[in-house]
Amino acid sequence: MVNFIPQEKIVEIQHATDIIQIISEYVHLKQNGRNFIGLCPFHSEKTPSFTVNPEKKLFKCFGCGEGGTVFNFIMKQEDMDFVEAVKLVASKSHIDLSHLHNQKGAFSLAEKTRLISINDFVAKCYHKILLKSEQGRFARDYLQKRQINDQSIKNFCLGYAPDSWDTLIKICNERNISNKLLEKAGLIIPKKDRNSYYDRFRNRLMFPIFDARKQVIGFGGRALDDSLPKYLNSPETVLFNKSNVLYGIDIAKSTILKQRRVILMEGYTDVIMAYQNGIEWSVAVMGTSISKQHLKQLRQYCNQVILLLDSDVAGWKSSDRNLDIFIEEEFDVKIAHLPKDYDPCDFLVAEGAEKFLSYVNNAKDFFSFKVEMAASKWDMSTIHGKANAINDVLSTAMKMPDVIERNLQIKRIAEEMSIDEPALRIHLKKFNKQAPFLQNKQDIRHQLDASFMAQRELLYLMLSYNELIPKVVEEIGLEEFSNNNLFKIAEKIVELYHKNSVVKEEGVLHVLDDAQLNKTLMDIITTKEFQNITNQNERLEACIHFFKKRNTKKERRQTKEKTLQSIKVGSNEEDIIVLLNEFHKKNKHIHILKNKS
Ligand SMILES: [Zn+2]
């Protein structure tokens, strides 16, 4: 986490902020006892499970698990980073941060805002040139030929960059927009002498690229002559990062959220034509492979992705796109193929929305696609080829974080590849030794585990009753936090406690720089059974008792093993007697502990 806003300032902002007022700007909240509830903006629901607690200044959705401080809310809602979110909250709460402006990074937000307004202005200029000017005629004809109508041109703010070296420079200079800023926005390019510039986009149909907040972050330009590349994009700027861009997300996000699914395509015009045909839940990635950032964005709206490919399997086989990333990120992904030689835009024009949707709705399951790809890649008539194909598919299956789903999938793969399931599992064992399992689902697997529950309760007690922290450290020790995430949180709590002698939930949330940890902590804070705790001292004793009992059992087991081992190797009698006594003592201890509980 970037930390150029001092921690004290962040705490001050949070104290001064009315979380109810801020979240109410986005969610209709109703009071319900001490809490406020509403329909969650992060998942689709009919009965409210989104809860805001004004005393603790925290929110939590019991439907999708999102939760955190007002900053976490703004980060997610506005798709901002932490510092941007803190600044936005500060400005909403009328807290002046101007004295921080000289510090590193603070400028970047001001610069970003400036570049966005320049992009916005330029998008409108290109749009006007397309619609109104003589120069734009050829582009208008092109759009008409491709059957993109006036409403779509307006909806997507399409434009035209004239066939000239300095049209944009002149327009902007008249408006006192400096060449330096235009260069930073990626709109103009310095000549070799670096004293003068020329327009980047010339004789191109312009597609402004909006982020989810409907801000123009960059442009794509399609050549209207033989110029190469056919599609020219903005270079990387402070605003524009190709592996982040989902073209059309601004216009499609609310429908995607309602449908809980999205069609992922490859071209601007595909998205535009889909929208024009009433299919308002598609986006496009920009030529690059699909990245984690793309999926992080999409996860806010849906969990099913339908990939619409215009090339056939052979084409995809040769591309190095990493589709396994959907599996790693636990998306339900399906693959749809249009008939050969059609891209989605042409297909929609030729065949219409209904037929298009029938392809989308009959999208193939990802693993069937994977099997098909593997089968076309290897020679399935040889044992060697078949083994390689199996490895290909298994390597994807092994990336599924959920054990149960993974097992079901392996069963299905055996069926689809006509392999005896036990044989496949034996093969898998060998395979496993090479590829380590993913562990992200650790929490879920441990949820029913008593030790895991006790560790969670301890964290709750430590946070809610700071005075218990020294006792936890002394009597149990942090090493008892065997769950890695819980250990990290415990460590932070103790660290903050030693530093400030008080530690609050939001304080810990501010220093956890990992979304998963954040979520784990929010789950603990909002666990109903914990909130009803009134006898914290007794609860702590119970936890201590639990760990002691468990440890004594473990020690007894170890002593027993040691004793048996000694007898086996023929150690001298005295040693064995010492060990047996020890074992007896451990046994007695367990009885005492048992009677106590
Ligand atoms: Zn939710």
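In this predicted model, helix H17, spanning residues 366-377, packs against helix H18, spanning residues 383-397, at an angle of about 150°, and their axes lie 8 Å apart. Because angles over 145 degrees count as roughly antiparallel, H17 is described as roughly antiparallel to H18. The crossing in which H17 passes H18 is right-handed.

The residues that form this contact can be named on each side. H17 contributes Phe367, Lys370, Val371, Ala374, Ala375 and Lys377, which meet Ala389, Asp392, Val393 and Thr396 of H18. Sorted by class, the contact of H17 with H18 comprises six nonpolar residues, one polar residue and three charged residues.

Five strands build an open sheet with antiparallel pairing, and their order is S1-S2-S3-S4-S5. For S5, the pairing with strand S4 (residues 58-61) is antiparallel and runs over two bridges. Within this part of the sheet, Lys60 stands opposite Gly67 of S5.

These elements belong to a protein that contains 29 helices and 16 strands. Of its 597 residues, 32% count as buried. Among contacts in the protein with a separation of 6 or more, 62% are accounted for by residues 24 or more positions apart.

Note on methods
Residues are numbered from 1 along each chain as its sequence is written. This is a predicted model: local features need pLDDT of at least 70, side-chain atom pairs count only at pLDDT 80 or more; totals for chains, interfaces and linings use all residues. Axes are lines fitted to C-alpha atoms, for helices over the stretch in contact, and angles run from 0 to 180 degrees between N-to-C directions. Helices (H or I, at least four residues) and strands (E, at least two) are DSSP runs, numbered from the N terminus. Angles under 35 degrees count as roughly parallel, over 145 as roughly antiparallel, 65 to 115 as roughly perpendicular and the rest as oblique. A crossing is left-handed if the near helix is turned anticlockwise from the far one by less than a right angle, and right-handed if clockwise. Two residues are in contact if their C-beta atoms, placed from the backbone, lie within 7 Å. Ala, Val, Leu, Ile, Met, Phe, Trp, Tyr, Cys and Pro count as nonpolar, Asp, Glu, Lys and Arg as charged, and the others, Gly among them, as polar. Two strands pair if DSSP finds at least two bridges between them. A residue is buried if 20 or more other C-beta atoms lie within 10 Å of its own, exposed if 12 or fewer, and partly exposed in between; C-beta atoms are placed from the backbone.
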